[in-house]
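Subject: Structure for your review

Dear colleague,

Please find below the structure that I am handing over to you. My findings follow directly after it.

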Amino acid sequence: MQEICDERGVNIEEISSGSGRGVVSETRRIIANRLVKEYGTPISEVAGRVGVTTSAVSKMISHQIT
């Protein structure tokens, strides 16, 4: 998570804060996709790490933009 935040210039605390700032939301989506799809992390765990609901994480990974 830290690596992605550093690349995008986002403070990691902003990720779990629920901030709706555009770059934070996009970074949160990237993190969620990577954790679920590449590492097999359960959606409920990802939701806790990034500060959103499981429903929000499900939407993030189903609407992935490549």
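Which exposed residues are carried by the face of α4 turned away from its buried side? They are S44 and G48. Please note, before reading further, that this is a predicted model.

**Helix α4 and its buried side**

Helix α4 spans residues 43–50 and contains V50. Its buried residues are V46, A47 and V50. These three lie on the same side of α4, because the arc they cover around the axis is only 105°. The cover over the buried residues of α4 includes α2 (12–16), α3 and α5. Just after α4, the backbone at G51 adopts a positive phi of about 75°.

**V50 and its surroundings**

V50 has a relative accessible area of 0% and therefore counts as buried, the limit being under 20%. Leaving aside residues up to four places away in sequence, V50 is in contact with I15, S16, R28, I31 and V57. Between the C-alpha atoms of V50 and E14 the distance is 8.9 Å, although 36 residues separate the two along the chain.

I15, one of the contacts of V50, has a list of its own. With residues up to four places away in sequence again excluded, I15 touches M1, C5, V10, V24, T27, R28, I31, V50 and G51.

**The largest nonpolar core**

The largest nonpolar core comprises 15 residues, and those with the most contacts inside it are I15, I31, A32, V36, V46, V50 and V57. Two or more residues of this core come from each of α1 (2–8), α3 (22–38), α4 and α5 (54–62). The greatest contribution is that of α3, which supplies five residues.

**Salt bridges**

How many salt bridges does a search of the whole structure find? The search returns four, and three of them are described here, namely R21 with E14, R29 with E26 and E38 with R34.

- R21 and E14: the side chains form a salt bridge with an N to O distance of 3.0 Å. R21 is partly exposed, at a relative accessible area of 41%, and E14 is likewise partly exposed, at 21% relative accessibility. E14 is also the residue whose C-alpha atom was compared with that of V50 above.
- R29 and E26: the closest N and O atoms of this pair are 2.6 Å apart. Both residues belong to helix α3 and are three residues apart, about one turn of the helix. R29 is buried, with a relative accessible area of 12%, whereas E26 is partly exposed at 29% relative accessibility.
- E38 and R34: here the closest N and O atoms are 3.9 Å apart. The two residues are about one helical turn from each other, because they are four residues apart in helix α3. E38 is exposed, at 56% relative accessibility, while R34 is partly exposed, with a relative accessible area of 30%.

The spacing within the last two pairs can be set beside a general point. An α-helix has 3.6 residues a turn, so residues three or four places apart point the same way.

Yours sincerely

Methods
Residues are numbered from 1 along each chain as its sequence is written. This is a predicted model: local features need pLDDT of at least 70, side-chain atom pairs count only at pLDDT 80 or more; totals for chains, interfaces and linings use all residues. Side-chain values use heavy atoms; hydrogens and water are left out. Buried means under 20% relative accessible area, exposed over 50%, partly exposed in between (1.4 Å probe, protein chains only). Contact means heavy atoms within 4.5 Å. A nonpolar core is a set of buried Ala, Val, Leu, Ile, Met, Phe, Trp, Tyr and Cys residues joined through side-chain atoms within 4.5 Å. The arc is that of the directions from the helix axis to the C-beta atoms.
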